[in-house]
Amino acid sequence: MILNGARQVGKTWILKEFGRLFFKKTAYVRFDNDETAKSIFNVDYDVKRIVKQLSLLTSVDIDPMDTLIIFDEIQECPKALTSLKYFCEDAPEYHVVAAGSLLGVKLAASQKNDSAGTGFPVGKVDYLDLEPMNFCEFLGAVGLERFVPLLVQKDWDNIRIFGETFRQALKNYLVVGGMPEVVATFVETQNYYKVRKVQQRILRDYNNDFAKHAPKEDVPKIRAVWNSVPQQLSKENKRFVYSEALPSGAARNLESALWWLFDSGLLHKVTRVSKPSLPLKAYEDGAFKLFFLDVGLLGAMSQLDPKVILDGNKVFSEFKGALTEQYVHQELRGIVKSQFYWNGRNSEIDFLVQSESGAVPIEVKAEMNLQAKSLKFFCEKYGVEKAIRFSMGDCNEGSYPFGTKIYDYPLFGIMDLWNEC
């Protein structure tokens, strides 16, 4: 199995914890600082030999019945990546998991250009994606785990009673986000400015990765795109505009930079569709919005003072929609990866997702104001059966005169609503 995810979302920790909880022994190999580990895979792909030498390297007696083998930073040893194919074909009794920083970039490159005699193990591995901690996981981390069952069970009566607790926790989440180290810092210190320092360090690490791991000619373009995202999300029309990232005639040459950021897991793309017909992907028209991997990092990169978010400062009003939409995008990724949007002359639907019954429009409101002219126009124009509206208001159900059923949910209650709608 390969665990995908951006840097610093907790891949190493969760694999080690998985080994601790479900196996008697864990053989952990990290390739970025161990030349001996790399050399094991330079001979051949004889699994018996590899396992024997891994046992010697890790001082772990590797038994397929009770041992988890972890290959970390596997992007630094392409032949170890290739070996997953031979573990699958020749020794499927072994439990092997792999992860690595910027692994998505390396995997994409290996599939496009098989170099150094290595081959990507197509069809031989399972994948899991690891995202930053979602809101419910954040509640558990900050000592509010007793409130999570209310969201899971959709206990709206008690959710209303404790609405202020949820709203305050959501404000904290908008500042802190879901990066594990940042959440741990918040839990330990309750200091928003120490939280921001950790976030700024993570952002610097990402910037350093651009120079270390991206093609040299793409680094300026990657930084241009990366730095432009907060400003582009702050617009009323959040469509990504190439010339706003790189105001020159070369702006359209940003495709390779965009794909590098997508493959690294640092940015996500939500594409526009011309109409809400199924499958939605067939109606993409080329326009798109970009989102960060984490709402806390977006706030930090925008240099937004935590007090502005926590106190509801008026200065925050214009950017609040961007931060809230980022949060909803992030929560929805745990439910459905393929997200789209739609806009017309004077209206826009923040998100469109596909269900068995058709396309479901999602409207995002940063406050309790439920006026949604765009949503009403869209539902009437296309005869939509169901629509979802997220706000700081309470749970409610209603319908438009023309028949569309409207589900109103609080922003903090996104978890597991997809099956209901």
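The largest pocket in this predicted model has a volume of about 820 Å³. Its lining is made up of 32 residues. Nearest the centre lie Phe262, Asp263, Leu267, His268 and Arg333. By class, the lining holds 13 nonpolar, 11 polar and 8 charged residues. Rolling a probe the size of a water molecule over the atoms shows where empty space is left.

Now turn to the surface. Phe18, Leu21 and Phe22 form a nonpolar patch there. Together they have about 320 Å² of accessible area. Phe18 sits in helix H1, which covers residues 11–22. Is Phe18 exposed or partly exposed? Its relative accessible area is 34%, so Phe18 is partly exposed; over 50% would count as exposed.

The backbone has some points to look at too. Most residues other than glycine have a negative phi, and most peptide bonds are trans. Leu278 and Pro279 are joined by a cis peptide bond, with omega at about -5°. Pro279 belongs to the loop between S6 and strand S7 (284–292).

Ser59 is not a glycine, yet has a positive phi of about 60°. Find Ser59 in the loop between helix H3 (47–58) and strand S3 (67–72). Ser59 counts as exposed because its relative accessibility is 69%.

Gln190 also has a positive phi, about 55°, although it is not a glycine. Look for Gln190 in the loop between helix H10 (180–189) and helix H11 (192–213).

Note on methods. Residues are numbered from 1 along each chain as its sequence is written. This is a predicted model: local features need pLDDT of at least 70, side-chain atom pairs count only at pLDDT 80 or more; totals for chains, interfaces and linings use all residues. Side-chain values use heavy atoms; hydrogens and water are left out. On a 1 Å grid over the protein atoms alone, a cavity is a set of points where a 1.4 Å probe fits but cannot get out, and a pocket is an open set with protein on both sides within 12 Å along at least five of seven lines; lining residues have an atom within 4 Å of a point. Grid points are joined across faces, edges and corners, and a volume is the space filled by probe spheres set on the points. Ala, Val, Leu, Ile, Met, Phe, Trp, Tyr, Cys and Pro count as nonpolar, Asp, Glu, Lys and Arg as charged, and the others, Gly among them, as polar. Patches are made of residues with over 30% relative accessible area and no salt bridge: like charges are joined within 9 Å, nonpolar side chains (Val, Leu, Ile, Met, Phe, Trp, Tyr) within 5 Å. Accessible areas come from the Shrake-Rupley method with a 1.4 Å probe; for residues, only the protein chains shown count as cover. A salt bridge is a side-chain nitrogen of Lys or Arg within 4 Å of a carboxyl oxygen of Asp or Glu. Helices (H or I, at least four residues) and strands (E, at least two) are DSSP runs, numbered from the N terminus. Buried means under 20% relative accessible area, exposed over 50%, partly exposed in between (1.4 Å probe, protein chains only).
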